[in-house]
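Keep the sequence and the structure at hand while reading.

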Amino acid sequence: MPNVWQKLWTEGETGRSTHNIIPTVSLHPANWSREDIIFFTGHGPFQSYLRRFNLSTTSICRCGLEGTPLHYATECLLTLSWHMTKPAPQHADQWFRNVAANPHSKSRLRSIIQHIHLNQPLFRLD
């Protein structure tokens, strides 16, 4: 059965952001918190996500840049306390894998997600 699951996971079209971080299926849980899932899937309080599903009129963060998960983790002025070094575009997939494997980095991401949730009006232009 795991071989069938791996084939479906590898050849599938959905979940690619998660696939880039966890390319191999496993019977063991990934031990991700709710905030980890929100960040790594990009399904959460991010302007890019809200715009994608017409829940916002813009994908731009209040700071003036595209409101993606990577933006909030590396360059948004509203999350400065938790910033990590922004990867070059060609290294973004590896950056996400490294962050997902690092407990300290994941703790910082959880703090960012909690901060955005608690202060959502600060992050939205509309």
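**Rings, core and cysteines**

Q: Over the ring of which residue does the charged end of Arg16 sit?
A: In this predicted model, the charged end of Arg16 is placed over an aromatic ring, 5.1 Å from its centre. The cut-off for such a placement is 6 Å from the ring centre. The ring belongs to Trp9.

Q: Which elements give two or more residues to the largest nonpolar core?
A: That core has 23 residues, and Phe39, Phe40, Phe46, Tyr72, Trp95 and Leu109 touch the most other members. The elements that supply two or more residues are helices H3 (34–41), H4 (47–52), H5 (69–74), H6 (92–101) and H7 (103–118).

Q: Which residues does Phe46 touch, not counting residues up to four places away in sequence?
A: Phe46 is among the core residues that touch the most other members. Leaving out residues up to four places away in sequence, its contacts are Ile38, Phe39, Gly67, Thr68, Pro69, Tyr72, Ile113 and Ile116.

Q: How many residues apart in sequence are the parts that the pair of Phe39 and Phe96 ties together?
A: A search of the whole structure gives 9 aromatic pairs. Phe39 and Phe96 form a tilted one, with 5.9 Å from centre to centre and 35 degrees between the planes. Phe39 is buried at 2% relative accessible area, and Phe96 is buried at 16%. Because Phe39 lies in helix H3 and Phe96 in helix H6, the pair ties together parts whose separation in sequence is 57 residues.

Q: Which residues do ring pairs link into a cluster?
A: Phe39 and Phe96 form an aromatic pair, and both belong to a cluster linked by ring pairs. The members of this cluster are Trp32, Phe39, Phe40, Phe46, Tyr72, Trp95, Phe96 and Phe123.

Q: Which backbone oxygen does the side chain of Thr79 reach?
A: Thr79 lies in the loop between H5 and H6, and is buried with a relative accessible area of 0%. Its contacts, not counting residues up to four places away in sequence, are Tyr72, Ile112, His115 and Phe123. At 2.5 Å, the Thr79 side chain reaches the backbone oxygen of Tyr72.

Q: How many disulfides does a search of the whole structure find?
A: A disulfide needs two cysteine sulfur atoms within 2.5 Å. The sulfur of buried Cys61 has its closest cysteine sulfur in Cys76, at 3.6 Å, which is too far for a bond. For Cys63, which is partly exposed at 26% relative accessibility, the closest cysteine sulfur is in Cys61 at 3.8 Å, also too far. The number of disulfides found is 0.

Conventions:
Residues are numbered from 1 along each chain as its sequence is written. This is a predicted model: local features need pLDDT of at least 70, side-chain atom pairs count only at pLDDT 80 or more; totals for chains, interfaces and linings use all residues. Side-chain values use heavy atoms; hydrogens and water are left out. A nonpolar core is a set of buried Ala, Val, Leu, Ile, Met, Phe, Trp, Tyr and Cys residues joined through side-chain atoms within 4.5 Å. Buried means under 20% relative accessible area, exposed over 50%, partly exposed in between (1.4 Å probe, protein chains only). Helices (H or I, at least four residues) and strands (E, at least two) are DSSP runs, numbered from the N terminus. Contact means heavy atoms within 4.5 Å. A polar contact is a pair of N or O atoms within 3.5 Å; within protein, one must be able to donate a hydrogen and the other to accept it, and residues adjacent in sequence count only if both atoms are side-chain atoms. Rings of Phe, Tyr and Trp (its six-membered ring) pair if their centres lie within 6.5 Å; planes under 30 degrees apart count as stacked, over 60 as edge-to-face and the rest as tilted. A charge sits over a ring if NZ of Lys or CZ of Arg is within 6 Å of the ring centre and within 35 degrees of the ring normal.
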